[in-house]
Amino acid sequence: WVTGHAGQVVLTVSQIMWSRDLTECLVSEGKVLERVKEAELRCFQNLNKLAELVRGELPKLVRSIIGALITLDVHARDIVTQMVAEKVSGPQDFEWVKNVRYYWDVAIDDCIVRMSNSSYVYGYEYLGASPRLVITPLTDRCFLCLMGALQLDLGGAPAGPAGTGKTESVKDLAKALAKQCVVFNCSEGLDFKMMGRFFSGLAQSGAWCCFD
C-alpha cells in the first residue's frame, strides 16, 4: 500500500496506525510491558521490510516516499525502545504522552495530532513527497515546547547558534501538522507597515511564519 498512495497519506495513516496499536497495547489488561515489547518487534520487522523495498529498483517518487517513511519509523522504533527501557505501565505515562501522536477522532471525523496536553487538528496542507527531518531528543523537546505554546495561542522563539536546525525544526513541525510554513529572512528595512501586511496575509491563509 506504500507504493500505491500519495506520500502525505502514507505518512499520516502510518502514524495513525502506529499510535492506535500502541494505545491498544497500553490499555490492555495485565501484561502491558509484554505487549509493548511485541509492538517493538513489529516495528523492527516493518523497518526491515521497508529496507528491503528500498534496496530494489523503485521510481524516484516512491523512493522519496519510502525514505520519509523510514525516517519516521526509525523515530517510532526509538520511542517504543525507550518505553520498554522505562517500563511504561499505562496510556497516561509521560514516556508515552510526551510524543507526537496521531489519532482519527470518530466524534469529529477528523485527524487529531496530540502531544502531552496539546491537541491540534491536522491541517491538510499539500506538502508533496518532501523529505522529513531526523528527530533527535532535542528536537522532541523543542516540539513539546512549541506545541504547548500553540495550545495557548502563543508563538515560539527557538534560540541557538547558526546552522543548528532551528528553522528546519519549525518547518518540520509544520509538516507534521500539515500547515504551510513561510520562512522570511528579516532585515533592517522591515517596518510596521510591512509587518502589518504580513500578519494580514497569515491571518487570512492560516499559515505559519518563521521570522529569521
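The following is a conversation about how some descriptions of this predicted model are reached.

Trainee: Why is Asp172 called buried?

Mentor: Buried means under 20% relative accessible area. Asp172 has 5%, so Asp172 counts as buried. The residue lies in helix 6.

Trainee: What is Asp172 in contact with, leaving aside its neighbours within four places in sequence?

Mentor: Arg132, Leu133, Ile135 and Phe143. Contact here means heavy atoms within 4.5 Å.

Trainee: Is Thr139 buried or exposed, and how do you know?

Mentor: The relative accessibility of Thr139 is 8%. The cut-off for buried is under 20%, so Thr139 counts as buried. Thr139 lies in helix 5. Not counting residues up to four places away in sequence, Thr139 touches Val134 and Ser169.

Trainee: Which other residues of helix 5 are buried?

Mentor: Besides Thr139, the buried residues of helix 5 are Asp140, Phe143, Leu146, Met147 and Ala149. The buried residues of this helix pack against helix 3, strand 2, strand 3 and helix 6.

Trainee: How is the packing of helix 5 and helix 6 described?

Mentor: Two packed helices are described by the angle between their axes and the distance between the axes. For helix 5 (residues 137–151) and helix 6 (residues 166–176), the axes come within 10 Å and cross at roughly 65°. The crossing is right-handed.

Trainee: Which residues make the contact?

Mentor: Helix 5 contributes Thr139, Phe143, Leu146 and Met147, and helix 6 contributes Ser169, Val170, Asp172 and Leu173. By type, these residues divide into five nonpolar, two polar and one charged.

Trainee: What does the comparison give for helix 7?

Mentor: Helix 7 (residues 192–205) has 14 residues, which should span 20 Å at 1.5 Å a residue. Its end C-alpha atoms are 20 Å apart, which agrees. Gly206 follows helix 7 and has a positive phi, near 75°.

Trainee: How far does helix 2 reach, and what is expected?

Mentor: Helix 2 (residues 32–55) has 24 residues and reaches 35 Å from its first C-alpha to its last. That is close to the 34 Å expected at 1.5 Å a residue. Its buried residues are Val32, Val36, Ala39, Glu40, Cys43, Leu47 and Leu50. What covers them includes helix 1 (7–27) and helix 3.

Trainee: Why is the pair of Tyr120 and Trp208 called edge-to-face?

Mentor: A pair of aromatic rings is described by the distance of the centres and the angle of the planes. Rings pair if their centres lie within 6.5 Å, and planes over 60 degrees apart count as edge-to-face. The centres of Tyr120 and Trp208 are 6.4 Å apart and the planes are at 85°, so the pair is edge-to-face.

Trainee: What parts does this pair tie together?

Mentor: Tyr120 lies in strand 3 (residues 118–121) and Trp208 in strand 5 (residues 208–211), so the pair ties together parts that are 88 residues apart in sequence. Trp208 has 14% relative accessibility and therefore counts as buried.

Trainee: How many aromatic pairs does the structure hold?

Mentor: Eight. Ring pairs also link Phe184, Phe198, Phe199 and Phe211 into a cluster.

Trainee: What makes Ala85 exposed?

Mentor: Exposed means over 50% relative accessible area. Ala85 stands at 55%, so Ala85 counts as exposed. Ala85 is found in helix 3 (residues 60–85).

Trainee: What is said about phi for Ser116 and Tyr124?

Mentor: Ser116 has a positive phi of about 55° although it is not a glycine. Tyr124, not a glycine either, has a positive phi of about 60°. Ser116 lies in the loop between strand 2 (110–115) and strand 3, and Tyr124 in the loop between strand 3 and helix 5.

How values were computed: Residues numbered from 1 in each chain as written. Predicted model: local features only at pLDDT ≥ 70, side-chain atom pairs only at ≥ 80, totals over all residues. Heavy atoms only, no water. Axes fitted to C-alpha atoms, helices over the stretch in contact; angles between N-to-C directions. Helix = DSSP H or I, 4+ residues; strand = E, 2+ residues; numbered from the N terminus. Left-handed = near helix turned anticlockwise from the far one by under 90°. Nonpolar A, V, L, I, M, F, W, Y, C, P; charged D, E, K, R; others polar. Expected span 1.5 Å × (residues − 1). Phe/Tyr/Trp six-rings, centres within 6.5 Å; stacked < 30°, edge-to-face > 60°. Buried < 20%, exposed > 50% of the residue type's maximum accessible area, 1.4 Å probe, protein only.
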